[in-house]
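Q: I have a model open and want to learn to read it. Where do we begin?

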Amino acid sequence: PNAVRAVLGGFAANTEAFHAIDGSGYNFMADQIVALDKRNPITASRLAKYFSRWRSYITIHRDTMSSALIKISKANLSSNTREVIDLIISE
C-alpha cells in the first residue's frame, strides 16, 4: 500500500500529468482507484481524496474531474471508497 500510495501520490503531485488538459491524468487516476479498490479499499479511498477539491478548479479541469468522479462512482466500489466518492460529489 505504501508503494502504491507513493507512486500514485507522486503522479497526482505532478501538475502537468495529473491536470492534463485532455483529462487523461484524471482518467488514469480513476482507473487506478477502481482497480485498487478491489485489493485495498482503504488505500483506494485515500487516493480518491485527490479529487476532493474538484469544484475549485477552472471549468475545463472541473468538467474533466467531474467525469472521472462519475466514472469511479459507476464502478462496483467498496463501502470505504463509495463513502469518500459520494461525499466528494455531494460537496
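**Reading helix H5 and its surroundings**

A: Start with a helix and its length. This model is predicted. Helix H5 has 15 residues and spans 20 Å from its first C-alpha to its last, close to the 21 Å expected at 1.5 Å a residue.

Q: Which residues of H5 are buried?
A: Buried means under 20% relative accessible area. In H5 that holds for His 61, Thr 64, Met 65, Ser 66, Ala 68, Leu 69 and Ile 72.

Q: What do the buried residues of H5 pack against?
A: Their partners are helix H2 (15-18), helix H3 (24-39) and H6.

Q: Where does Ser 78 lie?
A: Look between helices. Ser 78 sits in the loop that links H5 (59-73) to helix H6 (79-90).

Q: Is Ser 78 buried or exposed?
A: Compare its value with the cut-off. Ser 78 counts as buried because its relative accessible area is 17%, and the limit is under 20%.

Q: What does the side chain of Ser 78 reach?
A: It reaches the backbone nitrogen of Thr 81, at 3.3 Å. Leaving out residues up to four places away in sequence, Ser 78 also touches Asp 37 and Pro 41.

Q: Where is Pro 41, then?
A: Pro 41 lies in helix H4 (residues 41-48). With a relative accessible area of 27%, Pro 41 is partly exposed. Among its contacts beyond four places in sequence are Leu 36, Asn 80 and Thr 81.

Q: Which residues form the aromatic cluster?
A: Look for ring pairs. The count comes to five aromatic pairs. Phe 11, Phe 18, Tyr 26, Phe 28 and Phe 51 form one cluster.

Methods: Residues numbered from 1 in each chain as written. Predicted model: local features only at pLDDT ≥ 70, side-chain atom pairs only at ≥ 80, totals over all residues. Heavy atoms only, no water. Helix = DSSP H or I, 4+ residues; strand = E, 2+ residues; numbered from the N terminus. Buried < 20%, exposed > 50% of the residue type's maximum accessible area, 1.4 Å probe, protein only. Polar contact = N/O pair within 3.5 Å; in protein donor to acceptor, adjacent residues only side chain to side chain. Contact = heavy atoms within 4.5 Å. Expected span 1.5 Å × (residues − 1). Phe/Tyr/Trp six-rings, centres within 6.5 Å; stacked < 30°, edge-to-face > 60°.
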